[in-house]
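Student: Could you go through a protein model with me? I would like to ask about one topic at a time.
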Amino acid sequence: MNLGASVRVNKCGVCVLMTLMVMVVFLYKYGNNTEFKREVVSLRSLLSAAIDAAERGGRVVYDVREAATLHEQSKGKTKEGANDPVTDGDIKSHLTMFFSLQKSFPAIKIISEEHSLSDVDVSSVSPAALIHPEVTAAIVEDQMVPAGDIRVWIDPLDATQEYTENLKEYVTTMVCVAVRGHPTIGVIHKPFSKSTAWAWVGKGVSPALRQTGNQGVIKNDIARIIVSRSHAGDVKTVATAAFGEKTEVIPAGGAGYKTLAVVEGKADAYVHSTAIKKWDLCAGNAVLFALHGNMTTLGGDHLDYGSQEEYKNEGGVLATLTNHSYYLQKLQVLGIKTPKAG
């Protein structure tokens, strides 16, 4: 045996061995890391898409109403005994909003008030736009979030009852982005005035929202409380007992409209005393948070938007721009902090 003979190294084999070693280290470090595996989403792009979806849904809602082709049906009665209608405006807006967002963000869970029929052709629905000029101008920094942490709540047509009555000012289309259950991005579009309010908590708000000036202070001992038209009498009793006989109770349709009324200074507080769906609230909740306002149940609890199954809020609603604790305390004195769904 020639002990002095040289050992030849197979360069190809070394490369394979090194590659395997790198893969082992990689898998050891990241193999069980679910954050690494999950797709991440640009919230700035998602905000732009949410605005686009709400405005496109709004155009559908507008066109159906103007053409008087509502084809109104009833989904039954609410627990308050009011009719719960659905129209072509609701369904067509849902298809436009839902699928435009889904095509742009297929990994995100989207929750809508309405449901899609399996045999509906949505090939004509284009993906929601990922760039919006207002967002580009107002939002400098982006935020990347795992898709699994995001829930998008859409209301294709808020205030359907008023829509059927041609009370157009109350109608909105809404999109909300919740991150780990927290309302983070809210878009409220008014189809008939063609105005859009949007907000991203901690990042920025739309130009229209920058002009808000409501201080939330009761003037001349008169509180202005905005409530649902469907059961204004019940809340009026609660409001006058809490804030005095001079309380001004403002009946209105649509949770989106009522929340914006608080933001715009038309009301001091939005009070709802019975069950309400979270797609009605999420966008307004995010807008209020972005403006340092608040929305809670009447028990003072913040709403969680992380679960599709838990889509109903039965704790009532208090929404304010300022002085939330004052209004909350006044209402809780009456012992209504955990109201029954009515």
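Student: What kind of model is it, and how are the residues numbered?

Tutor: This is a predicted model, in which local features need pLDDT of at least 70, side-chain atom pairs count only at pLDDT 80 or more, and totals for chains, interfaces and linings use all residues. Residues are numbered from 1 along each chain as its sequence is written, and side-chain values use heavy atoms, with hydrogens and water left out.

Student: In what order do the 5 strands of the open sheet come?

Tutor: The order is 12-11-13-17-15, with mixed pairing. Strands are DSSP runs of E with at least two residues, helices are runs of H or I with at least four, and both are numbered from the N terminus. Two strands pair if DSSP finds at least two bridges between them.

Student: Which strands are at the edges?

Tutor: Strand 12 (248-252) and strand 15 (294-296) are the edge strands, each pairing on one side only.

Student: How many bridges join strand 15 to strand 17?

Tutor: There are 3 bridges, and the two strands run antiparallel. Thr296 stands opposite Leu318 in strand 17.

Student: Which strands does helix 8 touch?

Tutor: Helix 8 (residues 255-263) packs on the sheet and touches strands 11, 12, 13, 15 and 17. Contact means heavy atoms within 4.5 Å. The direction of helix 8 makes about 170° with that of strand 11; axes are lines fitted to C-alpha atoms, for helices over the stretch in contact, and angles run from 0 to 180 degrees between N-to-C directions.

Student: New topic: which residues does UniProt list for "binding site"?

Tutor: The unreviewed UniProt entry lists Glu113, Asp155, Leu157, Asp158 and Asp280. They are spread over 168 residues of sequence, yet they cluster in space, with a largest C-alpha distance of 9.6 Å. UniProt positions are given in the numbering used here, feature names are shortened, and annotations may be inferred rather than shown by experiment.

Student: Is Asp155 buried or exposed?

Tutor: Asp155, in strand 6, is buried at 0% relative accessibility. Buried means under 20% relative accessible area, exposed over 50%, and partly exposed in between, with a 1.4 Å probe and protein chains only. Leaving aside neighbours within four places in sequence, the contacts of Asp155 include Glu113 and Asp280.

Student: Last one: what is the phi of Lys194?

Tutor: The phi of Lys194 is positive, about 55°, although Lys194 is not a glycine. Lys194 lies in the loop between strand 8 (182-190) and strand 9 (195-200), and counts as exposed at 57% relative accessibility.
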